[in-house]
Amino acid sequence: MNGIVGTAFESAAIDGVSGAEAWARRIGGAWQKSIDAIFETGRLIAEAKAALPHGEFEDLVDAKLPFSGSTARRLMMIARDDKLTNRAHAHVLPASWATLYELTKLDTETFERRIAEGSIRPDMQRREVQTGGARSIMASREQPKGSLDYFPTPPFATRALMNDVLPHLRIDPQEMGVVAEPCCGEGHMSGVLQEYGLDVRASDIADYSKDGRYPPGWVGQGDYLASDEAVDWTIFNPPFGDVTLAFVLHALEKSRRGVSVFVRQQWLEGIERYETIFRDRPPTLYAQFAERVPLVAGKWDPISSTATAYCWLVWVKDVAPQPPFWIPPGRKLAYRRDDDVARFTTHPVIGFQPVLAPFATSEKTDAIIRAAYGAEVIDFEACIVRLAREAGVEASKLHIRRRASRLGLGDRDRQREAVRLANAARAEP
C-alpha cells in the first residue's frame with residue numbers, strides 16, 4: 001500500500017496502550033489535534049477494533065468517543081482507502097472527514113479523472129462529490145481558477161454598514177477621509193459609498209470599464225497587494241479563496257484609521273486566520289446580518305436568495321474590541337432606493353453624484369480650509385462664512401471636507417477624538 005504512513009501502530013506498541021479508556025483518550029486526542037489527523041484517527045479506531053474484545057469495542061464507540069458510531073465507521077473507511085492515503089494526492093484533498101468519506105465512494109478511474117481536471121480541491125464540499133465538482137453560491141463564492149471571482153455586493157449591505165454598523169461605533173462617515181475600495185468590480189460598493197459623501201478611490205485588478213464609462217470612484221486598474229498607497233479607510237468585499245487573508249492583512253497595514261471587510265460568516269473559522277489575525281488583532285466589531293445577503297456571480301440580482309450568512313468585520317485604530325453587533329432584519333427593504341435597479345444593474349454601475357454648486361479652489365480657499373483644520377475643533381459654519389466673505393466662493397460642508405482630503409488634512413487627530421468620545425460614552429452609567 002502506497003499510503004500516508006502514520007504513527008498510530010508504532011506508538012501504540014511502544015506505549016503499551018490497552019483498555020477502552022486508554023483507547024478513548026488516544027482517539028479523542030487525535031480527533032482534537034487538527035483536521036489533518038483524520039487518517040490517524042481512522043487508523044486508531046481500526047487498531048482499537050482489532051485489539052479490544054468485541055463487547056469492549058462497541059462500548060468504546062457508543063460511550064467513550066467524541067463522535068457517533070457511524071462517524072467511527074466512516075473514519076475507518078477513509079483510513080483504509082488507497083486512493084485517499086496515496087501521498088501524491090495529499091495536497092488536493094479536502095480537510096473534511098465528511099467530504100473524504102464521499103470520495104471513498106468514487107471508483108479509482110473517476111477519482112483520478114477528477115484529480116486531473118481539478119474538481120477535487122482542498123476547499124471542495126461534500127455535495128460537490130455527487131455533482132461532479134459543480135459549485136453552489138450557497139456554499140462558496142469562489143469561481144474556477146483563473147476567473148475574476150466577481151460577486152457584487154448588494155447595495156443594501158453597504159448601506160447597512162454606513163447606517164447601522166459605523167454609527168454603532170460612533171464613526172461619522174463625513175469624518176472618514178479618503179476611502180479605498182480595492183475590489184470595486186463594476187462599482188456596486190463604491191457607488192453606495194459615494195452616496196455618503198466619501199472621497200472613494202475605487203480600483204480593481206481587472207478593468208470593468210465599458211464604452212468609455214468607469215465604475216464610481218475609479219482611479220485605475222492595478223494589483224492591490226502590490227500597492228503602497230496609504231489611505232484613511234479601506235472598505236471592500238475581498239476576492240474569495242487563498243488571497244482573502246492577504247487582502248485583509250494588506251488593508252490593515254495601509255489604512256490609517258480603519259478597515260471594513262464584507263465576508264462570509266464562515267471566514268471567521270480557521271487556524272491560520274486565528275493565528276495570523278484574530279488572535280492578536282481581533283476586529284473592533286463583528287457585525288452579523290440577521291437576514292441573508294444574496295450574492296450572484298457577475299451581477300446584482302434584487303430578487304435572488306441564498307443560504308450563506310455574511311457579516312461585516314470592522315477594525316478601528318486604537319479602539320478596543322466591542323461585543324458582537326447584529327444588523328437588524330428588514331434592511332434589504334428599508335435601504336432600497338427607487339433608482340437602485342437603474343443604477344446597479346448597469347455595467348458598470350452609475351455613480352451617485354450629489355448636486356453641488358461649483359466650487360473654485362485657489363490658494364486663498366486652500367489657506368482658509370487649512371486654517372479651519374488647524375483648529376482644535378473644526379467650525380465648518382465659520383469656514384463657510386469666511387470662504388464667502390474673503391474668497392468670494394459658496395461652499396458646503398461637503399465641499400470643504402472633499403478639498404481637505406485632497407490637501408491631506410483629513411487624517412489629523414480625528415480618530416483620537418473618536419476614541420475619546422466612544423470611551424466616555426461607554427463609561428457613562
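Helix 12 (residues 243-254) has 12 residues, which at 1.5 Å a residue should span 16 Å, and its end C-alpha atoms are 16 Å apart, so the two agree. The expected span is 1.5 Å times one less than the number of residues. Helices (H or I, at least four residues) and strands (E, at least two) are DSSP runs, numbered from the N terminus.

This is a predicted model: local features need pLDDT of at least 70, side-chain atom pairs count only at pLDDT 80 or more, and totals for chains, interfaces and linings use all residues. Residues are numbered from 1 along each chain as its sequence is written, and side-chain values use heavy atoms, with hydrogens and water left out.

Buried residues of helix 12 include Leu245, Phe247, Val248 and Leu252. Buried means under 20% relative accessible area, exposed over 50%, partly exposed in between (1.4 Å probe, protein chains only). Among the elements covering them are strand 4, strand 5 (255-264), helix 13 (271-278) and strand 7.

Beyond its neighbours within four places in sequence, Val314 is in contact (heavy atoms within 4.5 Å) with residues including Leu161, Val165, Trp233 and Val259.

Aromatic rings come next. The structure holds 12 aromatic pairs. Rings of Phe, Tyr and Trp (its six-membered ring) pair if their centres lie within 6.5 Å; planes under 30 degrees apart count as stacked, over 60 as edge-to-face and the rest as tilted. Tyr150 and Tyr208 make a tilted pair, 4.9 Å centre to centre with 45° between the planes. They are 58 residues apart. Both are buried. Phe262 and Phe289 have ring centres 6.2 Å apart and planes at 80°, so their pair is edge-to-face. Phe262 is in strand 5 and Phe289 in strand 6. Phe262 is buried at 0% relative accessibility; Phe289 is buried at 4%.

Finally, the cysteines. There are 0 disulfides, a disulfide being a pair of cysteine sulfur atoms within 2.5 Å. The sulfur of Cys183 is 8.3 Å from its closest cysteine sulfur, in Cys184, too far for a bond.
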